[in-house]
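Here is a short briefing to read alongside your viewer. Have the sequence and the structure open, and let's walk through them together.

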2 protein chains.
Amino acid sequence: MADSLVLSVDGMGGDSAPDIVVEGIDIAVRERPGLRFQIHGDADRIGALLERFPRAKAASELVAAERAIGMEIKPSQALRQGKGSSLWNAVAAVEEGRAHAVVSAGNTGAYMAIAMFRLRTMAGVHRPALAARWPAANGGFVVMLDVGANVQADGEQLVEFAIMGEAFQRAVSGKAKPSVALLNVGAEDLKGHEEIRSAAKLVRDAGVDIDFQGFVEGDDISKGTVDVVVTDGFTGNIAIKTGEGTARLVGQLLREALTSSLMAKLGAAIAYPALARLRKRMDPGSFNGAVFLGLNGLVVKSHGSANGPGFASALEVAAKLATSHYREEIADNLARLSAAEAAGVAQSAG
Amino acid sequence: MADSLVLSVDGMGGDSAPDIVVEGIDIAVRERPGLRFQIHGDADRIGALLERFPRAKAASELVAAERAIGMEIKPSQALRQGKGSSLWNAVAAVEEGRAHAVVSAGNTGAYMAIAMFRLRTMAGVHRPALAARWPAANGGFVVMLDVGANVQADGEQLVEFAIMGEAFQRAVSGKAKPSVALLNVGAEDLKGHEEIRSAAKLVRDAGVDIDFQGFVEGDDISKGTVDVVVTDGFTGNIAIKTGEGTARLVGQLLREALTSSLMAKLGAAIAYPALARLRKRMDPGSFNGAVFLGLNGLVVKSHGSANGPGFASALEVAAKLATSHYREEIADNLARLSAAEAAGVAQSAG
């Protein structure tokens, strides 16, 4: 592998691939001139696009893949039939040490199944988790996990998610000591599921080196009360999609309001620069790039509906994590957790 | 009980009680001149307020209660020490047939404990559920339950929630046949928890008379894909608070944007009527009034932070339900469910 950072990219994943992939690479190279790419996919289509983006072309190696995995393919099918696809090959490049990270906007279930099969989970991690970023009132972002990799998680797994999410937040935001809490229905110690209370006890008893703040509620996510919000994949998936749906509804109503009359249109035109900044601030593309944490390799998932700048955000997440020590930090804290469990803390924490 | 509709009101519950209670009653009487109220609480304070609202005074009977239940009181304490409080007495008026419904903006846990203790659950209902309304893109609202009465629910309980939520939506919106779905992480039949899949099978097999549409995801809540979204109280509480937090964040960023420069302020001033309508459309007060469904009596919970118009919305929900047949409709569908269970459908769905 070359000295420079190499990202392996699924050229065919996403609603508007390969166009958004090549455009995203072009933007990413402008921001980080040293970055290199391997693009896996349809050589003719991607090759033609690269002619239009010379900066992207100069930074990329095009690796032909004979087919693409569709959005309707089930994870089990992807494992049986996925070999040779752009997604499979993009993941394999990380496994074989030819790239530092893989990025795809394709089929989430297929991606996760192939990544788990090829890369396996890190020692000490029971199940990987999907971590996403969410805009917070303080101007930064909150890391939330799991947002859909597993429908359930016991106390120990929630502690693993906390450890992984904390390292992710530090790698991307640069915060030295991100604060972490478990998502619950109330701040009191007695509320919520058994799993959550057991996780809170375990993270405190095990001497895990994170700034653990106990419980937060759903409205704390957007407030940015803590930097990392930990929950199981069922609750996390529903919470993040509910938040996305709400933001979309408010945006739609705002657009309707500002086009509802001549006066409203005039006001909106005068306030345009401020509204454009607001739009940018709330643009889901700025927060694009979820990460499958807990694998022996860096696996970044772009939203399927991302545009070029959104895909570039996902590439930037991959680059930041690839140049950080997030995996060593996770391993250190997982070792503390294992040691505490061996000493019987986990048992007493139930 | 008089011929007219009588609402029993906890005069002391909520952050700004009793002021918002009396103001809310005044607004509600303007909308529904026949409505009558029993206000339980501090006779001096409420009496003085009623002097300022003659319309509310003419419609109300003031019933002195020696104390109020604070927001910090735990449900178990409320049961031991709550007797004689405004909340306790307001609930008792429904139990004793002196009022058609009770409305309070007070301590949720205490309210629920006292209501369950005094009114008991309806025959065929395992646990009551808290149902709330949420604005939808189509201009109406979605009913969501459970939003926090129970942290868990099995398949059978989820079907009971579906039955109760459907009747609630019909009573308040007037829709003849509201559509209902279970909240899940994917629309496929194989996804999600065992409880949800078992509920989907049971509701279909049991011949329950509702328009059941299967599964929806978090972003379907704001879209208004269905009229009633059913989930357990843990997920529902987190989803609704995440949505509230997101709406608040977008609102805050919009206010910041529209005051960020002189031009932005000018534009906002010109577009003011449209922005004011948007604000009204998203005002949480318009959707205020959650209901504890499944009790032998109508119990409506106002947000603790509601203002006068918001409290009036909760009173309107109580009035609409009190003049509907929601309880008979629930009983009919519960009977279908029990009959199917007796015939062994529940076991095979188990």
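Two strands count as paired when DSSP finds at least two bridges between them. By that rule, strand 5 of chain B pairs with strand 6 (residues 141–145) of chain B, as 5 bridges join the two in an antiparallel run. Please keep in mind that this is a predicted model.

- Strands 5 and 6 of chain B make a hairpin with 5 residues between them. In its turn, B:Gly139 has a positive phi of about 95°.
- Strand 10 (residues 290–293) of chain B also pairs with strand 5 of chain B, antiparallel and over 3 bridges.
- B:Ala131 is a handy landmark for finding both pairings: B:Leu145 stands opposite in strand 6 of chain B, and B:Val291 stands opposite in strand 10 of chain B.

**The nonpolar cores**

- In soluble globular proteins, nonpolar side chains tend to be buried together.
- Here the largest nonpolar core has 220 residues, and A:Ala131 and B:Ala131 touch the most other members.
- Which residues does A:Ala131 contact, leaving aside its neighbours within four places in sequence? They are A:Val143, A:Met144, A:Leu145, A:Met164, A:Gly165, A:Phe168, A:Ala290, A:Val291 and A:Leu293.
- A second, separate core holds 28 residues, including A:Leu278, B:Ala247, B:Leu249 and B:Leu254.

**How the two copies are related**

- Chain A superposes on chain B by a rotation of 180° with 0.0 Å of shift along the axis, at an RMSD of 0.0 Å. The two copies are therefore related as by a two-fold rotation axis.
- The same surface serves both copies, since 98% of the contact residues of chain A recur in chain B.

**Where the chains touch**

- Chain A brings 51 residues to the contact, and chain B brings 50 residues.
- Four helices of chain A each supply at least two residues of the side that touches chain B: helix 9 (219–223), helix 10 (233–258), helix 11 (262–270) and helix 12 (272–282).
- Helix 10 of chain A gives the most to that side, with 21 residues.
- By class, the side of chain A that touches chain B has 27 nonpolar, 15 polar and 9 charged residues.

Key: Residues numbered from 1 in each chain as written. Chains lettered and ligands numbered in written order. Predicted model: local features only at pLDDT ≥ 70, side-chain atom pairs only at ≥ 80, totals over all residues. Least-squares fit on C-alpha atoms with pLDDT ≥ 70 in both. Contact = placed C-beta atoms within 7 Å. Nonpolar A, V, L, I, M, F, W, Y, C, P; charged D, E, K, R; others polar. Core = buried A, V, L, I, M, F, W, Y, C linked by C-beta atoms within 7 Å. Buried ≥ 20, exposed ≤ 12 C-beta atoms within 10 Å, placed from the backbone.
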